[in-house]
There are 2 protein chains.
Amino acid sequence: MENSLKYIEENKKRYLEELFELLSIPSISALAEHAADTRKAAEWLRSHLERIRMENCKIMETKGHPVVYADYIKDSTKPTVLIYGHYDVQSPDPLEDWESEPFEPTTRDGNIYARGVADDKGQLFTHLKALEAIMQTSGNLPVNVKFLFEGEEEVGSENLDEFIKENIELLRADVCLISDSHALSETQPMMEYGLRGIIYMQLDLSTMPKDVHSGTYGGNVPNANFELVKILNKLKNLDTQEVLVPRFYESVRSIEETEKLDLQNSKITDETILEETGAKEIIGVDGFSVAEREGARPTLDINGMHGGYTGEGPKTIIPAKASAKVSMRLVPNQTVAEITEKFTSYVKSLVPSYVNLEIKSLSSGEPLLMGKENEFFKKAETAFEQTFGNKPVYELAGGSIPITATLKTLLGIDSILMGFGLPDDGLHSPNEKLSVEMFYKGIKTSLLFFESFRK
Amino acid sequence: MENSLKYIEENKKRYLEELFELLSIPSISALAEHAADTRKAAEWLRSHLERIRMENCKIMETKGHPVVYADYIKDSTKPTVLIYGHYDVQSPDPLEDWESEPFEPTTRDGNIYARGVADDKGQLFTHLKALEAIMQTSGNLPVNVKFLFEGEEEVGSENLDEFIKENIELLRADVCLISDSHALSETQPMMEYGLRGIIYMQLDLSTMPKDVHSGTYGGNVPNANFELVKILNKLKNLDTQEVLVPRFYESVRSIEETEKLDLQNSKITDETILEETGAKEIIGVDGFSVAEREGARPTLDINGMHGGYTGEGPKTIIPAKASAKVSMRLVPNQTVAEITEKFTSYVKSLVPSYVNLEIKSLSSGEPLLMGKENEFFKKAETAFEQTFGNKPVYELAGGSIPITATLKTLLGIDSILMGFGLPDDGLHSPNEKLSVEMFYKGIKTSLLFFESFRK
């Protein structure tokens, strides 16, 4: 192990250069014009897995962007770790807010800046570099591994469940390892034992076949913007922040007292959130801490809305069409089917007869709770403590990693969330970053985790 | 006069070809990238005025797009008619909804299709062609004329008031003639004796410096879209359609009984509006007819709104910024200053301390009521009746032509609104059109109006 740690130290610079290559590929899965780039990132990873001497490295097709698979299986008496990551990234817009180009990675003040560096290219890469170090110094791995890198995480992993169903035997493992989350600081690791689910809906509303002149018709015909505003306004009570979809909270799991204490230690406070987001005030439902609201309570947001003329200057129209993207974060024991039904029937009940409204689901994922007593969870805890000098604190994640729920259902396995980002990395925002220090600590933690399987 | 009517008949085809030249210039005043095109349209008109032997033809600069001026003044005992029009056009978006290119004029089913053909290039051109016919057949004009063609009507005529103030003597006239409105049908002319005013505001709201991840922060920080929705929802009661700005209706002039009867004859009915707009229901304040609501009642619309991610697929952000364009149509005796103050202070009162909101005015114009007893009004009535075979009906216009209020204030003159469009021309919408028949009837009406000044 001393040798492999030394190997990492000696190859630090090259590791970073390799990561920059991957970051330079604009693999924006949501945009059709970047489909070829997305495939290029998959191919880069496949080829890199081969280079670090993994086996059966291949691109596997789905109905959307492909999956990258590889494995290294030598000893059936040892457990198998399935390493999941995603090579696709969010759209970088608004481009004008980036200080450096999103797909020209650069290092500034101890951070790597690039779209996808924290979410998720930089994080998944830590495991490849840890395994390379072990292979180069020991000639083999202390555990069996499989790789599953997808290219559709940022668009809701639409085809992943199908892929897993069709490849259950290929993917069978004892645990899944995912690095797509964050520590609290460069010295304080954090482990998430639960994840929120998500339902992401698109609402498309129209009141007329086309926009009309607001002078000629103002006062007599329905305005699509106003009709959309009326519906959106009834989704949440902004005074209490409570979601107004009837029976939305009905199946929400209550938090246990021991969990409340754990969450108090998570160091997510009003102050950290205000600092990270720049908001002036915490706005949430009374009676819960920010950590509880983030991980243990469901919520609803309007992620986007658009209607009418939004260019320069005035345009005197009454808009005929308006759209909104509305997503809900779910917690155990809410289900996607239950909340989709409640949301859809509520929204439909709000629509007057002179308005056309189409509702469609853009993506969804079930919420999940994992076992802290699991042996793999404990090994990860130890690797974190050895690397960071502090035991991890526990959190319930506010985000959603839909694959964790799928793996639980289809393969019966838990996922270990080993996050190497930091809370202010700016995921999905301009100037996304990953601390260089955290990148190297990630590689070391991964190495210690894998080495812990050596007899 | 027989000769000039014959001249029009003989030159019909060329008249249309010349109009097509003007329509081909994409003089979209709202878009900076079309500034050169906008000037090109001004230059085209200046040169055309020269060609039809008007005098002092010139481009006059403003802080924005220029004014085209010309005149023909030969007899100080005769009245002077100031002919106003605008050579700028609305943006043609959404482009995909056009059946033919917006700046490649074409004739289909008896209509000319092109952006700006009805609003206002085709209409202002009728007067040039009438005057050309008179000049070519009589060698002089029976009345003095001045031309004022502006390039900023579609962006609120921002610099026109200033221009008029600085050129009061140059522009002094006895009446203003404006063709920027419509008849009811190809056989039923209509004359507007009042115009609504307008206030067009931009609201820019922010809750954080940048978008944040909706998983990590959902439930704890303010969503700019929701905050904007809350404000917009309080601008109008969608059940009664009443504007909720306090004391908004306080100074609205009551409609006289004779006017109610005139407006009943205007033939604007629920059915015509439903047919023209394609809306499923008339949505307006109870107790008023559609004609009254269009011209004699103020209203408020959200012309555009935007916030967060509105591209393809899902993006899991909580938006930091959201914007809306909100305009109000004013009627006598509301004033721009009064309603701006009431709107602004109301909106500010709705904004919580954790939200930043900027409100700015994009354009405005006072409402106006004109005298039906005026001699010019009567001459126009007669010209209409002679051309169309029917007396015009009276209407109060729902739209706004801010210059009419400025001319009343600064020059003390009324404006005659001689509209040659039709109600379904699709101003500001895709597939804007002008009936070929109405274009020629416009030229004839204009000719009869000018000839009525001959002793």
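B:F147 touches residues from several parts of its own chain. Neighbours within four places in sequence aside, B:F147 is in contact with B:L49, B:M54, B:V68, B:Y69, B:A70, B:D71 and B:I83. Contact here is judged on C-beta atoms placed from the backbone, which must lie within 7 Å. This is a predicted model: local features need pLDDT of at least 70, side-chain atom pairs count only at pLDDT 80 or more, and totals for chains, interfaces and linings use all residues. Residues are numbered from 1 along each chain as its sequence is written, while chains are lettered from A and ligands numbered from 1 in the order in which they are written.

B:F147 and A:F147 have the most contacts inside the largest nonpolar core, a set of 252 residues. Such a core gathers buried Ala, Val, Leu, Ile, Met, Phe, Trp, Tyr and Cys residues joined through C-beta atoms within 7 Å. Buried means that 20 or more other C-beta atoms lie within 10 Å of the residue's own; 12 or fewer means exposed, and anything in between partly exposed, with C-beta atoms placed from the backbone.

Helix 3 of chain B is mostly covered, with 18 of its 22 residues buried. Helices (H or I, at least four residues) and strands (E, at least two) are DSSP runs, numbered from the N terminus.

Now to the place where the chains meet.

Strands pair if DSSP finds at least two bridges between them. A:H306 stands opposite B:H306.

How are the two copies related? Chain A can be laid on chain B by a turn of 179° and a shift of 0.0 Å along the axis, with an RMSD of 0.1 Å. The copies are therefore related as by a two-fold rotation axis. The superposition is by least squares on the C-alpha atoms of residues with pLDDT of at least 70 in both. Of the residues of chain A, A:H306 comes closest to the axis, at 2.2 Å (C-alpha). The copies meet through the same surface, because 100% of the interface residues of chain A are also interface residues in chain B.

Some backbone details in chain A deserve a look. Most residues other than glycine have a negative phi, and most peptide bonds are trans. A cis bond joins A:D93 and A:P94, with omega about 0°. A:P94 sits in the loop between strand 3 (80-86) and strand 4 (106-108). Another cis bond joins A:P332 and A:N333, with omega about 5°. A:N333 lies in the loop between strand 15 (321-330) and helix 11 (336-349).

Two arginines have a positive phi. For A:R53 the value is near 70°, and for A:R247 about 60°. A:R53 is in the loop between helix 2 (35-51) and strand 1 (55-60). It counts as partly exposed, with 15 C-beta neighbours inside 10 Å. A:R247 is in the loop between strand 12 (242-243) and helix 8 (257-264). A:R247 is exposed, with 10 other C-beta atoms within 10 Å.

Technical notes: Contact = placed C-beta atoms within 7 Å.
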